[in-house]
Amino acid sequence: MRIILHCYERNGGVVIQKTDLQRYSAIADFIAELLGSDAEVVVYDVEIKTVVYIVNSLEDIEIGMPMGEPETVFLEQGISEKQAYVVNYRALSKAKHKMKSATFFLNNSENKLTAMLTANIRVDKYIELREMINVLIRGQRPEEND
């Protein structure tokens, strides 16, 4: 399991407080351990809209890369003001792997949104398994029925 930790500084001040980043990274580590090797967990700084922590990078996501498209949309639409998290949305990786994703909005001690924690689970092999089970149940592949 690859773990990367970094805290960005901007204009002499820390964007995410180091204590908050340590707390967020511990949560990310826990979730990654729970979900296993087919899952990555990413922490984004909402102020600078970049990756500040990642566990189990599935596709070479690195510290300093820009925030993902779903997280950017959540931020632009103010979703965090209406709900604490978004779960079970579909995402597509850069390599076109199908992902099941969830994002939790992280607030600091002043209840200000400072970060987002996203868990992405690669589900390609589960989709393939579902198709195999369907073949077992039906006795034929769906395309053979056309």
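Which residues does Phe105 touch, not counting residues up to four places away in sequence? Contact here means heavy atoms within 4.5 Å, and the list for Phe105 is Phe74, Ile79, Ser80, Gln83, Ala84, Tyr85, Val86, Leu113, Ala115 and Met116.

Quick background, folks. This is a predicted model, where local features need pLDDT of at least 70, side-chain atom pairs count only at pLDDT 80 or more, and totals for chains, interfaces and linings use all residues. Residues are numbered from 1 along each chain as its sequence is written, and side-chain values use heavy atoms, with hydrogens and water left out.

Okay, the rings. Rings of Phe, Tyr and Trp (its six-membered ring) pair if their centres lie within 6.5 Å; planes under 30 degrees apart are stacked, over 60 edge-to-face, and the rest tilted. That rule gives three aromatic pairs. Phe74 and Tyr89 are edge-to-face, because their centres sit 5.3 Å apart with the planes at 85°. Phe74 is in helix α2 (residues 69-76) and Tyr89 in strand β6, so this pair ties together parts 15 residues apart in sequence. Helices (H or I, at least four residues) and strands (E, at least two) are DSSP runs, numbered from the N terminus.

Buried or exposed, then, for Phe74? Buried means under 20% relative accessible area, exposed over 50%, and partly exposed in between, using a 1.4 Å probe and protein chains only. Phe74 counts as buried at 11%, and Tyr89 is buried too, at 12%.

Tyr85 and Phe104 make a stacked pair, 6.2 Å centre to centre with 10° between the planes. Here Tyr85 is partly exposed at 45%, and Phe104 is partly exposed at 39%.
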